[in-house]
Amino acid sequence: MRIRLDDRDIQMLSILQREGRITKTELARRVNLSPTPCWERLQHLEKLGVIEGYGARIAWSALSRQTIVFMEAELNSHQAADFDRFERAMQEQPEVLECYALGGGIDYMLKVIAPSVDDYQRFVDRMLNADIGLRRYYTYIVTKRVKDTEFVPDSLLETLKS
């Protein structure tokens, strides 16, 4: 089901993804609505699941040294139960920031954070010893963050107009 948005919805989303702490009153002013209709639109977008949540982006590098690793994971078997077991296991690993199922030669791509390469290796050893069907993995250590954003470009938000 495709969700239909109008110009004000798109404007609200654009503002909120960059300024999550904006007050409802200021948001209403910026989208040229009174507070009550703005609040109702916001609740509707939340109810539809368009807005997944609000939160602060923590600059972990400002607090501590870190190692970010992208890990390609290949499973032993490709039965539905095997994928399900692996995916459930990834949900339980706090080091796994992101996990994507892929089409093509590799089954999953993970974004893993660890205090050091040694800690990352201990994570991998745990995964290999767990009964989650991990057959092979490839490690790519991040040496420099070039771009890191979760903002949906305004140009793509505009394509959602009803």
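A salt bridge is taken here as a side-chain nitrogen of Lys or Arg within 4 Å of a carboxyl oxygen of Asp or Glu. In this predicted model, the side chains of D9 and R41 meet this criterion, with an N to O distance of 2.8 Å. D9 belongs to helix 1 and R41 to helix 3, so the pair ties together parts that are 32 residues apart in sequence. D9 is buried, with a relative accessibility of 10%, whereas R41 is partly exposed at 23%.

R41 also forms a salt bridge with D6, at 2.9 Å from N to O. Because D6 is located in the segment before helix 1 (7-18) and R41 in helix 3, this pair ties together parts that are 35 residues apart in sequence. The relative accessibility of D6 is 29%, and D6 therefore counts as partly exposed. In total, the structure holds 15 salt bridges.

A further salt bridge joins the side chains of E26 and R29, with an N to O distance of 2.6 Å. Both residues lie in helix 2, where they are three residues apart, about one turn of the helix. E26 is partly exposed, at 25% relative accessibility, while R29 is exposed, at 55%. E26 and R29 are linked with E19 and R30 in a network of salt bridges.

The loop between helix 2 (24-30) and helix 3 (35-48) contains N32. Most residues other than glycine have a negative phi. N32, by contrast, has a positive phi, near 60°, and is exposed, with a relative accessible area of 61%.

Within strand 3 (residues 108-114) lies V112, which is buried at 1% relative accessible area. Beyond its neighbours within four places in sequence, V112 is in contact with T67, I68, V69, E95, V96, Y120 and F123. The C-alpha atoms of V112 and R122 are 12 Å apart, and the two residues are separated by ten residues in sequence.

On the surface, F70, Y138, Y140 and V142 form a nonpolar patch, with about 320 Å² of accessible area together. V142 occupies the loop between strand 4 (134-141) and helix 7 (154-158), and is partly exposed, with a relative accessible area of 31%.

With regard to cysteines, C38 is buried, at 2% relative accessibility, and C99 is partly exposed, at 31%. The count of disulfides is zero.

Definitions and conventions: Residues numbered from 1 in each chain as written. Predicted model: local features only at pLDDT ≥ 70, side-chain atom pairs only at ≥ 80, totals over all residues. Heavy atoms only, no water. Patch = residues over 30% accessible without salt bridge, like charges linked within 9 Å, V, L, I, M, F, W, Y side chains within 5 Å. Areas by Shrake-Rupley, 256 points an atom, 1.4 Å probe, with all protein chains shown as cover. Helix = DSSP H or I, 4+ residues; strand = E, 2+ residues; numbered from the N terminus. Buried < 20%, exposed > 50% of the residue type's maximum accessible area, 1.4 Å probe, protein only. Disulfide = S-S within 2.5 Å. Contact = heavy atoms within 4.5 Å.
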